Amino acid sequence: MKERMRIGEFAERAGVTPRTVRYYESLGLLGPSERAGAGFRYYTDVELAILQKINIYKELGLSLDEIAVVLPLYSQDPTGVQGKQKLVEILKAHLQEADEKIEALNQFRSELQANIDRIQQWIDARVESE
């Protein structure tokens, strides 16, 4: 039988808070393997692996909504191909967004530099005429 953990131990082993675990449950990202007695939640290494995967995806920059799309693909396709394909698709979209932001920042930087140069030329012209 798999080791059962209550929410506090489970959260501690995963490096998150029990509140985070409950939040992920409310979003449907995670669930206890069983509930018993007075509503105690019990988790196993299976749920721990899922939570660790959620944390990895968050580190990659995925939103919780994106994670909710990717996670089920791994249970639907045990080879992991569909999950990885969706992950690559999402990461490519993030890369495109990053490129667009970089371009916008470069444009803003150029405009700032042009304004600085223009104002500095005006100042220099005034100082030289004195």
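Hi everyone. Let me start with a term: a residue is buried under 20% relative accessible area, exposed over 50%, and partly exposed in between, using a 1.4 Å probe and protein chains only. What we have here is a predicted model, where local features need pLDDT of at least 70, side-chain atom pairs count only at pLDDT 80 or more, and totals for chains, interfaces and linings use all residues. Residues are numbered from 1 along each chain as its sequence is written, and side-chain values use heavy atoms, with hydrogens and water left out.

Let's begin with the sheet. Strands here are DSSP runs of E with at least two residues, helices are runs of H or I with at least four, and both are numbered from the N terminus. Two strands pair if DSSP finds at least two bridges between them. The sheet is open, with three strands in the order 1-3-2 and antiparallel pairing. Strand 1 and strand 2 are at the edges with a single partner strand each, so one side of each has no neighbour in the sheet.

Now the pairings themselves. Strand 1 (residues 5-6) meets strand 3 (residues 40-43) over two bridges, in the antiparallel sense, and methionine 5 stands opposite tyrosine 43. Strand 2 (residues 34-36) is joined to strand 3 by three bridges, also antiparallel, with alanine 36 opposite phenylalanine 40. The hairpin of strand 2 and strand 3 has three residues between the strands, and glycine 37 there takes a positive phi near 45°.

Phenylalanine 40 has another contact: the charged end of arginine 6 sits over its ring, 3.8 Å from the centre. For that label, NZ of Lys or CZ of Arg must be within 6 Å of the ring centre and within 35 degrees of the ring normal.

On to the aromatic pairs. Rings of Phe, Tyr and Trp (its six-membered ring) pair if their centres lie within 6.5 Å; planes under 30 degrees apart are stacked, over 60 edge-to-face, and the rest tilted. How many aromatic pairs does this rule give? The count is three. Among them, tyrosine 23 and tyrosine 24 form a tilted pair, 6.4 Å centre to centre with 45° between the planes. Tyrosine 23 is partly exposed, at 45% relative accessible area, while tyrosine 24 counts as buried, at 2%.

Tyrosine 57 and tyrosine 74 make a stacked pair, at 6.4 Å centre to centre and 25° between the planes. This pair links distant parts of the chain, 17 residues apart: tyrosine 57 is in helix 3 (residues 45-59) and tyrosine 74 in helix 4 (residues 64-76).

Last stop, helix 5. Leucine 112 is in this helix, residues 81-129, and is partly exposed, with a relative accessible area of 40%. Glutamate 97 lies in helix 5 too, partly exposed at 42%. Its C-alpha atom is separated by 26 Å from that of tyrosine 24, 73 residues apart along the chain.
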